[in-house]
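Inspect the sequence and the model first, then read on.

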Amino acid sequence: MASLPPIAIPGQRLGPLSTYSAGPGTHVQQSFIYASIAGPVVADPAQPKSQTRPTLRVSRVISSKDQASSNPAVPAVMSKPRYNTLPAVDSIVLARVTRVQKRQATVSILVVVDESATQSQDQSRTASDNDNVASILTSAANPENHSSTDELRFQALIRKEDVRAVEKDRVVMDEMFRVGDIVRGSVISLGDQSFYYITTARNDLGVVMARSDAGNMMFPVSWKEMRDPVTGTGEQRKVARPF
Amino acid sequence: MADRRRINGPPGGTRPPVFASLQESSTGVANRAQRQRQPTELRKIFLKTGLIPTASGSSYLEFEPSASLAAARSNPKSLIPPSSALKLACTVHGPKPLPRSAAFSPNLVLTTHVKYAPFAARKRKGHIRDASERDLGVHLETALRGAIIAERWPKSGLDITLTIIEAEDDRWWGDAPDSHDASWGMMNVLAGCITAASAAIADAHIDCLDLVSGGVAALVSDDSSQSASSAPRLMLDIDPAEHRSILSACVVAYMPARDEITELWLKGDSSRAALDKNDGRTGHEALIDGAVDAARGANTVLAEAVRESIARSFA
């Protein structure tokens with residue numbers, strides 16, 4: 001097995017297709033794997049049941065695991081978080097509700113949650129593109145920041161029948177989402193020219209952050225209710241199960 | 001198209017008058033820029049990525065100024081700089097959602113804008129993109145489209161904007177326009193745009209087949225004797241201000257790892273090239289090969305700049 005370069009640049013030959021299979025950030029030409037983005041080369045070991053060859057990928061971000069293997073002495077220094085992952089089918093996204101209609105809710109996608117980052121054990125220091133999720137969400141939940149940046153974000157729809165898995169025909173959109181809520185959803189389709197389609201029909205999907213009519217952040221009390229800690233009034237939402 | 005939104009200067013430009021007698025006597029031929037480099041020697045390139053924090057990718061490129069500029073600075077004879085060297089900045093924005101009116105696209109939609117700063121050339125440019133700028137944008141888009149793996153970014157757009165801060169001259173500023181005149185400086189600008197845009201795209205982590213770089217080669221006849229025996233010679237990476245007469249020039253966008261050309265622009269008459277007797281190539285083949293060699297040279301700088309960009313973002 002030929003040695004892999006630690007860092008690849010686009011167009012750099014990484015290895016033959018007979019030894020590796022091509023992962024993200026690479027492309028194949030004439031049975032060789034080439035890098036297609038610049039970044040550290042990672043060889044994921046072969047999973048015994050599914051595949052026979054290790055997968056070669058070029059990482060967009062440096063994960064804590066890669067960092068530890070390359071230079072264990074140096075602690076992980078967070079680079080400036082930069083985010084350019086596109087929503088794909090089955091990816092988990094955080095989105096803000098921009099419009100609620102009778103049959104659908106329009107949301108704008110704030111961030112695509114990095115699957116690999118959530119799976120790793122070391123939750124506190126997973127260096128992902130989405131390091132600033134907290135700051136993105138708090139600024140997005142703030143009413144002043146609405147609508148100014150919506151044009152730059154990907155738009156998505158939550159249709160009435162995609163809100164929850166049971167009693168789909170009794171869904172009332174006004175009791176599920178309000179404008180300004182932050183929703184965790186799963187992408188079901190790339191949709192049409194302008195909208196992605198998102199579902200919240202799972203226990204862990206739904207509203208994660210919401211403000212009450214009084215303007216206070218609410219906490220979830222059940223799968224369909226959130227409560228304002230100041231006034232004590234409850235409001236109806238399709239609530240995501242908290243971790 | 002007239003620019004009605006701004007108060008513009010006179011359309012013809014406002015250069016100070018330079019009298020022919022002045023050139024002949026004091027500055028004259030001696031002040032004319034001469035090529036100090038070997039025919040196959042390229043100018044040094046400065047290329048750095050990530051200078052514009054708000055863009056998802058950016059780069060800045062600069063060509064080494066010719067030796068005559070340094071000489072003129074140390075011993076000024078005229079207020080007019082003898083030559084100019086390319087300086088440009090490239091920003092990449094995206095991938096971002098397409099505008100609402102756009103149709104569904106399963107691929108990345110690439111848009112390129114090339115704009116000269118008003119002060120970039122000796123003749124001032126307007127604020128609205130003119131025909132040559134649009135032309136450069138189309139050439140650049142062709143060059144990059146062949147390198148980007150567009151199907152990895154469905155439903156999204158990528159905006160590439162190049163600002164030319166200092167353009168190359170089309171000829172020595174003191175020369176009167178002649179028959180061989182064409183916008184030779186534009187070809188150098190295009191080569192620089194391709195290299196800079198490639199660095200910025202790599203900086204933005206957009207999937208590419210390879211780093212694509214631009215190179216220029218030209219057939220020039222430099223002899224002041226103007227004798228018929230002096231056949232034009234092949235030079236790489238020309239500075240048009242350093243040559244009396246450029247017969248033809250060629251720009252390529254070249255991907256070295258795949259040995260592919262994504263963009264080819266050849267201009268002028270390449271039939272009279274002075275090649276070796278046992279060189280079986282025709283003039284334009286030699287010209288294209290020369291441009292590819294120049295692009296290979298630029299690619300070494302490009303690769304190093306991209307490595308620096310990773311080292312910075314992952315350090």
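## A four-bridge pairing in chain A

This is a predicted model. In chain A, strand 4 runs antiparallel to strand 5 (residues 32-35), and 4 bridges join them. One contact can be named within this pairing. A:His27 has A:Tyr34 of strand 5 of chain A as its bridge partner.

## The sheet around it

## The annotated span

UniProt, in an unreviewed entry, lists residues 7-42 of chain A as "domain: Exosome complex component N-terminal". How far apart are the end C-alpha atoms of residues 7-42 of chain A? They lie 9 Å apart. The make-up of the span is 56% strand and 0% helix.

## A hairpin in chain B

Strand 8 (residues 245-255) and strand 9 (residues 260-268) of chain B pair over 8 bridges. Across this pairing, B:Val252 stands opposite B:Leu264, a residue of strand 9 of chain B.

The two strands of chain B form a hairpin, with 4 residues between them. Which residue in this hairpin takes a positive phi? B:Asp259 does, with a value near 55 degrees.

Methods
Residues are numbered from 1 along each chain as its sequence is written. Chains are lettered from A and ligands numbered from 1 in the order in which they are written. This is a predicted model: local features need pLDDT of at least 70, side-chain atom pairs count only at pLDDT 80 or more; totals for chains, interfaces and linings use all residues. Two strands pair if DSSP finds at least two bridges between them. UniProt positions are given in the numbering used here, feature names are shortened, and annotations may be inferred rather than shown by experiment.
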